[in-house]
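Student: Can you walk me through this structure before I set anything up?

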Amino acid sequence: MKRTGIRALVLAAVAAVTTAVFNAPATAAPGPAVHVHGAGAAEYWTPEKMRSAKPLDGLVTAARDLGADVRAAVPRLLPSRTSKVSTGDPWAGGGAVTRTAGRVFFTFNGSPASCSGDAVTSANRSVVITAGHCVKYEGSWHTNWVFVPGYDNGNAPYGEWAATTTLTTPQWQANEDLNYDVGAAVVAPLNGQYLTDVVGSQGIAFNQPRGQAMHSFGYPAEPPYDGSELTYCAGRTFNDTFGSNDLGMRCDMTGGSSGGPWFLSFNEATGTGIQNSVNSFGYTFLPGVMFGPYFGADAEALYNAAAAR
C-alpha cells in the first residue's frame, strides 16, 4: 500500500506506506506525543498569509491495487446518494458549528499551510480537535500553529488562538498510522478569555457504535473549493473494508478539510452535535468518499491529556 498525491484529502506529499500501517499490532501503546510551542504564532499570521496558505496539499490518499472487476463493484457497496444528504455543500444553517469549527493555520517545512479543526468541551476550556497530520507530519511538528474559529475569507471574527501545546496519538507519532490520525491543540487565552468561553464548544464521545448517520465539516481549499467558507457533508457512515479500521462517508471535500469534525446526533437547527471523528484521508480508486479514524481508547487518551493541560 502506498500514499500518493493524486487527489487531495489529507496532506501534501508522496510517502511510502506499507500495509502494516493499517494493521498495527494491538499492543498497549505509550501515552500521547506532546509538542510545546513558543510565542509569536498569532503575530505571524496576517489575513493575506491566511488566504495564501496551502492545504497540506496534494492530499495524501491511500492507494491499493484492485482488479477492474473489484473497482467496478466498489460504488455498489456504498450507501446510495439521496436528496437528504450533502456531499460537500456550503453550510448555510448557522448555529453553534459556525463558531466552534474553524480553519487551522501552521508552518510546514517553512511554508504556510492549512487544515480544519473544532473546539470541544474540556475542563481547561481550550482544546481543539483536528487530524494528526495537522499537528505533525513526516517527522516534523508544525510551527506557528493557530486556530481561527468561524474563519471567513481571511477574517477572524472570534480571534486567532495560538497553540501552547499540540498532541497526537502514539501510533501517529511512531509511524503515521492512518487508523490513529487524530491530533489536538491546547490554545492560549486571548484577551484574558478562554476559547470555549468565547465560541462555545461541541461534545465529544468515544467507543460509539459504527454505521451511524453523521455530519462532517471543514474548510476545503483545493479546487473546486478555495478555503473561504465552511462546508459540510452528511449521510450514513460505513466501515472501511479496503485497508483501515476507519469510518467512511460520501464526501467530495478536498485538501484543507482535513481535521474538520464529524458529528453524531447533529442538530441542524442549533448547529450542535457530538464529535466522533475527523476528516482524514481518501482512496485514489474511490473518489467522492472521505474516511475518518474511529475514536477509540487512544483518541480518548489524547483528549484527556489535552484537557488536563
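Tutor: We can go through the chain as a whole, then the strands, then the pocket.

Student: Where do the coordinates come from, and how many helices and strands are there?
Tutor: This is a predicted model. The protein chain has 7 helices and 22 strands.

Student: What share of the residues is buried?
Tutor: Of the 309 residues in the protein chain, 56% are buried. The accessible surface comes to about 11,800 Å², and carbon and sulfur atoms account for 51% of that surface.

Student: And the contacts, what part is between residues 24 or more positions apart?
Tutor: Counting contacts with a separation of 6 or more, 75% are between residues 24 or more positions apart.

Student: On to the strands. How covered is β6?
Tutor: Strand β6, residues 101–108, is mostly covered, with 8 of its 8 residues buried.

Student: Which strands does β6 pair with?
Tutor: β6 pairs with β7 in the antiparallel sense over 8 bridges. β6 is also joined to strand β11, residues 143–149, by 5 bridges, and those two run antiparallel as well.

Student: Which residues sit across from each other there?
Tutor: Arginine 103 stands opposite serine 116 in β7. For phenylalanine 105, the bridge partner is valine 146 in β11.

Student: What is between β6 and β7 in their hairpin?
Tutor: There are 2 residues between the strands, and asparagine 109 takes a positive phi near 50° in that hairpin.

Student: What about β8, which way do its side chains point?
Tutor: Val127 and Ile129 point one way from strand β8, residues 127–130, while Val128 and Thr130 point the other way. In a regular strand the side chains alternate between the two faces of the sheet.

Student: Are those four buried or exposed?
Tutor: All of them are buried.

Student: Which strands is β8 joined to?
Tutor: β8 runs antiparallel to strand β7, residues 111–119, with 2 bridges between them. Strand β13, residues 183–187, is joined to β8 by 4 bridges, also antiparallel.

Student: How are β19 and β20 joined?
Tutor: Strand β19, residues 261–267, and strand β20, residues 272–278, run antiparallel and are joined by 5 bridges. Tryptophan 262 has serine 277 in β20 as its bridge partner.

Student: And the open sheet of 3 strands, what is its order?
Tutor: That one goes β17-β18-β22, with antiparallel pairing. β17 (238–239) and β22 (289–292) stand at the edges with a single partner strand each, so one side of each lacks a neighbour in the sheet. β17 pairs with strand β18, residues 247–250, over 2 bridges, and glycine 248 in β18 is the bridge partner of phenylalanine 238.

Student: How does the lining divide by residue type?
Tutor: The lining of the largest pocket has 6 nonpolar, 4 polar and 3 charged residues.

Definitions and conventions:
Residues are numbered from 1 along each chain as its sequence is written. This is a predicted model: local features need pLDDT of at least 70, side-chain atom pairs count only at pLDDT 80 or more; totals for chains, interfaces and linings use all residues. Side-chain values use heavy atoms; hydrogens and water are left out. Ala, Val, Leu, Ile, Met, Phe, Trp, Tyr, Cys and Pro count as nonpolar, Asp, Glu, Lys and Arg as charged, and the others, Gly among them, as polar. Buried means under 20% relative accessible area, exposed over 50%, partly exposed in between (1.4 Å probe, protein chains only). Contact means heavy atoms within 4.5 Å. Accessible areas come from the Shrake-Rupley method with a 1.4 Å probe; for residues, only the protein chains shown count as cover. Two strands pair if DSSP finds at least two bridges between them.
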